[in-house]
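User: Could you walk me through this model, starting with how its helices pack?

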Amino acid sequence: MANHKSSLKRIRQTKARTLHNRYYAKTMRNAVRKLRAMTDKDEATKLYPSIQKMLDKLAKTKVIHKNKAANLKSSLAKHINKLG
């Protein structure tokens with residue numbers, strides 16, 4: 001166990017940050033799943049900008065890597081274009 005005040009505080013901060021990041025990463029995964037499950041092109045097109053915004057914010061705050069965000073955005077765009 002840590003002995004210094006600063007390391008105890010760092011442990012508390014890390015726990016809080018991990019919980020926060022886990023929540024937003026899970027929310028993002030569910031949103032991506034929801035979009036991938038859609039079969040209607042109009043609905044998917046309406047939902048895409050909000051998911052794109054979410055991915056950009058998470059990449060900016062380093063919850064996910066910027067390349068992961070870019071890969072997800074491009075694969076979702078491809079999925080929407082394939083819908084008939």
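Predicted model: local features only at pLDDT ≥ 70, side-chain atom pairs only at ≥ 80, totals over all residues.

User: OK, at what angle do helix 1 and helix 2 cross?

Analyst: The axes of helix 1 (residues 5-37) and helix 2 (residues 41-60) cross at roughly 155° and come within 10 Å, and that makes helix 1 roughly antiparallel to helix 2 (over 145 degrees counts as roughly antiparallel). The crossing is left-handed.

User: Which residues of helix 1 and helix 2 meet there?

Analyst: From helix 1, Tyr-24, Thr-27, Met-28, Ala-31, Val-32, Lys-34 and Leu-35 meet Ala-44, Leu-47, Tyr-48, Ile-51, Met-54, Leu-55 and Leu-58 of helix 2, where contact means heavy atoms within 4.5 Å. The residues of this contact divide into twelve nonpolar, one polar and one charged.

User: And how do helix 2 and helix 3 cross?

Analyst: The axes of helix 2 and helix 3 (residues 66-82) come within 10 Å and cross at roughly 175°, which makes helix 2 roughly antiparallel to helix 3. Among the residues making the contact are Tyr-48, Ile-51 and Asp-56 of helix 2, and Leu-72, Lys-73 and Leu-76 of helix 3. By class, the contact has ten nonpolar, three polar and four charged residues.

User: How many salt bridges does the structure hold?

Analyst: The structure holds one salt bridge, meaning a side-chain nitrogen of Lys or Arg within 4 Å of a carboxyl oxygen of Asp or Glu. The side chains of Lys-73 and Asp-56 form this salt bridge, at 2.6 Å from N to O. The pair links distant parts of the chain, with Lys-73 in helix 3 and Asp-56 in helix 2, 17 residues apart.

User: Is Lys-73 buried or exposed?

Analyst: Lys-73 counts as buried at 18% relative accessibility, whereas Asp-56 is partly exposed, with a relative accessible area of 36%. Buried means under 20% relative accessible area, exposed over 50%, and partly exposed in between (1.4 Å probe, protein chains only).

User: Switching topic, what does Ala-2 touch?

Analyst: Leaving aside residues up to four places away in sequence, Ala-2 touches Ser-7, Leu-8 and Ile-11. Ala-2 counts as partly exposed at 25% relative accessibility, and 41 Å separates its C-alpha atom from that of Lys-73, 71 residues apart along the chain.

Technical notes. Residues numbered from 1 in each chain as written. Heavy atoms only, no water. Axes fitted to C-alpha atoms, helices over the stretch in contact; angles between N-to-C directions. Helix = DSSP H or I, 4+ residues; strand = E, 2+ residues; numbered from the N terminus. Parallel < 35°, antiparallel > 145°, perpendicular 65-115°, else oblique. Left-handed = near helix turned anticlockwise from the far one by under 90°. Nonpolar A, V, L, I, M, F, W, Y, C, P; charged D, E, K, R; others polar.
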